[in-house]
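Please open the structure in a viewer and keep the selection panel at hand.

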Amino acid sequence: MTHAPGTPEPPHVRQGRPVVAAQTTGGRGVRAAAPLDPDERRRLLDGAHHDPHALLGAHLEQDGVRFRVLRPFARTVTVIADGLRARLQTEGDGLFAGVLPLPEVPAYRLAVAYENDGNDSSSDNRNSSGELALHDPYRFLPAIGELDLHLIREGRHEELWNALGARPMTHQDVTGTRFTVWAPNALGVRVTGDFSYWDGTAYPMRSLGSSGVWELFLPGVGEGALYKFEITRPDGSRTLRADPMARRTECPPATASVVHASHHSWGDGAWMARRGERPVHEAPFSVYEVHLPSWRPGLTYRELADQLPGYVQDLRFTHVELMPVAEHPFGGSWGYQVTGFYAPTARLGTPDDFKYLVDALHRAGVGVLVDWVPAHFPRDEWALAEFDGRPLYEHGDPARAAHPDWGTLEFDYGRTEVRNFLVANAVYWCEEFHIDGLRVDAVASMLYLDYSREPGGWTPNVYGGREDLDAVAFLQEMNATVYRRCPGVVTIAEESTAWDGVTRATHHIGPGGFGGLGFGLKWNMGWMHDSLGYMAHESVHRKYHHHEMTFSMVYAYSENYVLPISHDEVVHGKRALVSKMPGDWWQQRANHRAYLGFMWAHPGKQLLFMGQEFAQGAEWSQGHGPDWWLLDPSYTAEPDHRGVRDLVRDLNTSYAATPALWERDTAPEGFAWIEGDAGEDNVFAFSRHDAQGRPLVCVSNMSPVVRHGYRIGVPAAVPGWQEVLNTDAERYGGSGVGNPELLKAEPVSWHGRPASIVPVLPPLATIWLRPA
């Protein structure tokens with residue numbers, strides 16, 4: 001047996017030294033306990049016993065109380081009770097036992113001595129003889145209730161994080177930490193950590209029946225302790241695993257879990273009380289997408305709280321979307337290969353530090369969305385993959401488990417405990433961290449059995465279809481649970497196909513026979529790809545691609561959409577948004593501004609990845625993040641970039657103040673084309689309408705020429721129109737062409753309307769007009 005670092009070599013393995021004899025005090029004799037059955041002893045010492053509490057601790061027998069303690073490397077172990085001090089006899093291999101002539105099990109503690117351990121006997125938990133005074137972990141009843149175990153078995157524990165994992169607590173009047181883990185295939189589980197010198201021999205856990213849960217309460221172990229679970233697989237081999245339910249982790253590349261209890265005091269009561277007053281799809285919703293570790297490289301959560309809320313508030317975004325949040329092993333990634341589903345990444349601080357950041361954003365009036373990744377997980381041998389020696393979180397069929405694109409594993413959504421793990425995780429982020437929304441990654445890869453798989457590489461469902469019925473049921477349950485428990489929270493699907501009913505209620509059956517998935521919003525990937533494709537063409541060629549800007553309105557009301565210019569579109573060779581635009585530097589910026597003006601007026605919510613708000617030309621780099629130096633006043637081109645940022649601020653300000661742009665976002669009555677076929681002119685014109693019918697007119701001229709006297713049809717009831725936003729304004733870096741004067745409606749029928757106006761259309765620009 002290898003002894004833990006810093007602990008003395010145990011007496012029973014030393015050459016030429018006698019075994020320590022049993023001693024008694026107080027006139028009470030210690031008789032030898034009946035030896036353990038050899039198989040039971042072997043299983044206990046090998047970490048393969050399902051019920052170590054039956055062998056260890058104190059047990060009332062016919063002729064007294066039998067004590068047995070497993071303390072590897074101890075020299076002596078003494079039982080201490082009221083009026084009693086009795087040294088147990090060694091049985092070898094760190095086992096100490098004895099029978100005391102007592103009528104019942106007393107309240108007792110242990111005094112454990114190690115030889116030449118080099119510690120100061122004046123330590124708080126040592127007596128004058130240098131012995132460690134300890135509570136025996138094996139004298140405690142299970143610290144998890146029957147209701148918890150029942151809900152876990154049923155897959156219905158909506159607060160799973162309070163039942164599994166490491167939980168500091170007071171149990172039977174003793175402070176310590178309860179460790180619980182789900183590992184139904186394990187022969188045995190032991191908890192180990194820095195409190196045991198990473199030797200788990202002394203701390204085997206007990207199996208709690210058919211729940212598959214293993215439990216152990218460790219007195220004296222508290223917050224900040226590092227730990228893992230040592231699992232004995234069905235084949236007898238061992239694996240050391242991080243806690244799937246860990247609420248805090250070591251900073252990568254270290255992989256241990258950390259015992260955690262929150263002490264954050266929330267100050268966002270006003271935000272939480274009002275966030276659900278208006279449905280998200282009928283409210284202003286513009287999102288600034290942030291990669292937290294690189295937004296300002298080197299800043300912690302608390303340091304970000306001093307800068308990010310003010311920046312986002314100044315630009316008038318309603319929400320931030322944070323990525324990555326859950327712990328992941330590779331810092332250079334987007335954080336989509338998660339190993340710690342219940343732990344904010346430790347790279348930037350503690351879970352309470354992350355709460356501090358969310359709190360600060362809320363107090364600044366900014367909502368917080370996080371990327372959530374229930375589609376897959378990495379194969380790291382210390383995390384979820386074959387967690388207890390067999391497929392557990394992943395599907396049992398290797399072909400179903402292996403994700404064909406990312407080298408990861410897909411969850412088994414048909415297993416109740418796995419589905420519970422994920423549903424509770426969604427609730428956890430919303431309730432524990434006051435998150436306002438979950439953007440769910442890679443939904444399409446979950447919905448289809450044949451996703452990225454060749455013919456013959458997948459098995460149809462029971463109806464012969466390609467839909468993953470288990471994944472559908474999981475997403476419906478997750479959405480229904482989140483919306484029931486967390487008022488004001490929105491779930492957002494990154495779903496790239498035409499699946500019917502992504503944002504339809506789960507109880508409404510669609511033409512395909514499925515209820516809706518129940519999301520609140522869906523990323524409009526089609527709009528993103530089509531519109532960016534159009535903008536990439538030189539203006540002389542855009543007339544041949546005019547429909548790419550108008551096609552989105554054919555299906556605009558099939559779902560509740562978000563228009564995303566996300567991280568996926570501005571990295572890995574795809575170029576930053578302004579660099580996608582054709583022409584010289586002036587035309588690139590003009591195209592960039594015109595596109596944003598069109599986007600903010602188009603039905604749907606808005607999302608913009610960091611750096612695009614000031615027309616950063618380089619792709620994002622996780623090493624240095626956005627090119628903030630472009631906004632340094634000493635840089636000669638700084639006005640060009642500041643102008644684009646000023647436009648984004650004004651877009652958000654006008655957007656929030658104009659109900660026509662969001663109040664009927666998901667209703668066809670809220671939109672009307674004025675001119676959607678002017679391909680030769682590269683012009684688009686449409687109107688938006690609020691619940692009272694008040695309009696806003698948006699006109700985009702995607703050609704580099706000024707169009708004077710361009711007639712636009714308008715409602716007859718509005719006598720005059722005022723330009724409220726012009727992306728060609730000089731303060732944004734434009735040429736300054738516009739309509740500063742009132743545009744009077746003329747009784748000239750145009751575009752099927754009884755009246756019209758004749759504005760000047762600036763080059764490569766979007767203008768917004770509202771009733772004067």
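**Before starting**

The model is a predicted one, in which local features need pLDDT of at least 70 and side-chain atom pairs count only at pLDDT 80 or more, while totals for chains, interfaces and linings use all residues. Residues are numbered from 1 along each chain as its sequence is written, and side-chain values use heavy atoms, with hydrogens and water left out.

**Stop 1: the whole chain**

Select the protein chain and display its C-alpha trace, which spans about 115 × 65 × 40 Å along its principal axes. The chain holds 15 helices and 34 strands; helices (H or I, at least four residues) and strands (E, at least two) are DSSP runs, numbered from the N terminus. Of its 772 residues, 59% count as buried. Here buried means under 20% relative accessible area, exposed means over 50%, and partly exposed lies in between (1.4 Å probe, protein chains only). Among contacts between residues at least 6 apart in sequence, 72% join residues at least 24 apart, where contact means heavy atoms within 4.5 Å.

**Stop 2: domains 1 and 2**

Colour the chain by its domain assignment: domain 1 (38-115 + 126-139), domain 2 (146-259), domain 3 (283-510) and domain 4 (525-771). These bounds come from an automatic or database domain assignment. Now show domain 1 and domain 2, whose centres, taken over C-alpha atoms, are 22 Å apart. Between them, 19 residues of domain 1 are in contact with 22 residues of domain 2. The two domains bury about 1,500 Å² between them, with carbon and sulfur atoms giving 56% of that area; buried area is the accessible area (1.4 Å probe) that two parts lose on being put together, summed over both. Select Gly47, His53 and Pro137: these supply 27% of the area that domain 1 buries against domain 2, more than any other three residues.

**Stop 3: helices H14 and H15**

Two packed helices are described by the angle between their axes and the distance between the axes. Select helix H14 (residues 585-601) and helix H15 (residues 638-656), whose axes come within 10 Å and cross at roughly 10 degrees. Axes are lines fitted to C-alpha atoms, for helices over the stretch in contact, and angles run from 0 to 180 degrees between N-to-C directions. H14 and H15 are therefore roughly parallel to each other. On this scale, angles under 35 degrees count as roughly parallel, over 145 as roughly antiparallel, 65 to 115 as roughly perpendicular and the rest as oblique.

Show the side chains where these helices meet, including Trp585, Leu596 and Trp600 of H14 and Val644, Leu651 and Tyr655 of H15. The residues of this contact comprise eight nonpolar, four polar and three charged. Ala, Val, Leu, Ile, Met, Phe, Trp, Tyr, Cys and Pro count as nonpolar, Asp, Glu, Lys and Arg as charged, and the others, Gly among them, as polar.

**Stop 4: helix H5 against H15**

On the H5 side Tyr311, Asp314 and Leu315 meet Arg645, Val648, Arg649 and Asn652 of H15. Three nonpolar, one polar and three charged residues form this contact.

**Stop 5**

Is Asn591 buried or exposed? At 2% relative accessibility, Asn591 counts as buried. Beyond its neighbours within four places in sequence, Asn591 is in contact with Met535, Arg542, Met581, Pro582 and Leu764.

**Stop 5**

Select Pro252 and Pro253, which are joined by a cis peptide bond with omega of about 10 degrees. Pro253 lies in the loop between strand E15 (238-241) and strand E16 (257-258). Another cis peptide bond joins Met323 and Pro324, with omega of about -15 degrees; Pro324 is in the loop between strand E18 (319-323) and strand E19 (326-327).

Next, select Phe73, in the loop between strand E2 (64-70) and strand E3 (76-81). Phi of Phe73 is near 75 degrees, a positive value in a residue other than glycine, and at 5% relative accessibility Phe73 counts as buried. Finish at Asp173, in the loop between strand E9 (165-171) and strand E10 (174-182). Phi of Asp173 is near 65 degrees, also positive in a residue other than glycine, and Asp173 is exposed, with a relative accessible area of 77%.
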